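Trainee: I am new to this one. Could we look at it together, one question at a time?

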Amino acid sequence: MLLNTAEIGDTETYKGQPYRCVDIVDHQRSDGSLTKLKIWETACATCQVVFRFGAPLASDRIWPSRRCDEHKRPGRAV
Ligand SMILES: [Zn+2]
């Protein structure tokens with residue numbers, strides 16, 4: 001779990017994996033309302049490829065992805 005107090009440029013560590021807060025962007029929800037997403041960057045725990053994911057700025061805690069899209073589903077054929 002990451003605390004959502006990081007600002008752009010800050011790095012937080014979750015389970016030994018560093019996550020860097022790289023951006024805060026506007027995001028349109030499916031109902032059309034606007035919110036903000038905090039963008040985190042980390043290296044996939046499986047293949048080390050660097051990927052980004054967004055988390056709602058309004059949440060105080062984030063459960064981050066540890067793996068890229070290709071590796072986040074265990075058992076999926078590659
Ligand atoms: Zn991966």
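Mentor: Gladly! Two strands pair if DSSP finds at least two bridges between them, and strands (E, at least two residues) are DSSP runs numbered from the N terminus, as are helices (H or I, at least four). This is a predicted model, where local features need pLDDT of at least 70, side-chain atom pairs count only at pLDDT 80 or more, and totals for chains, interfaces and linings use all residues. Residues are numbered from 1 along each chain as its sequence is written.

Trainee: Which residue is the bridge partner of Trp40 in strand 5?

Mentor: Start with strand 4, residues 34-43, which runs antiparallel to strand 5. Seven bridges join the two. In strand 5, Trp40 has as its bridge partner Phe53.

Trainee: In what order do four strands form the open sheet?

Mentor: Their pairing is antiparallel. Strand 2 (11-14) and strand 5 (50-56) each have a single partner strand, so one side of each lacks a neighbour in the sheet and they stand at the edges. The order is 2-3-4-5.

Trainee: What percentage of the residues in the chain is buried?

Mentor: A residue is buried if 20 or more other C-beta atoms lie within 10 Å of its own, exposed if 12 or fewer, and partly exposed in between, with C-beta atoms placed from the backbone. The chain has 78 residues, and the buried share is 8%.
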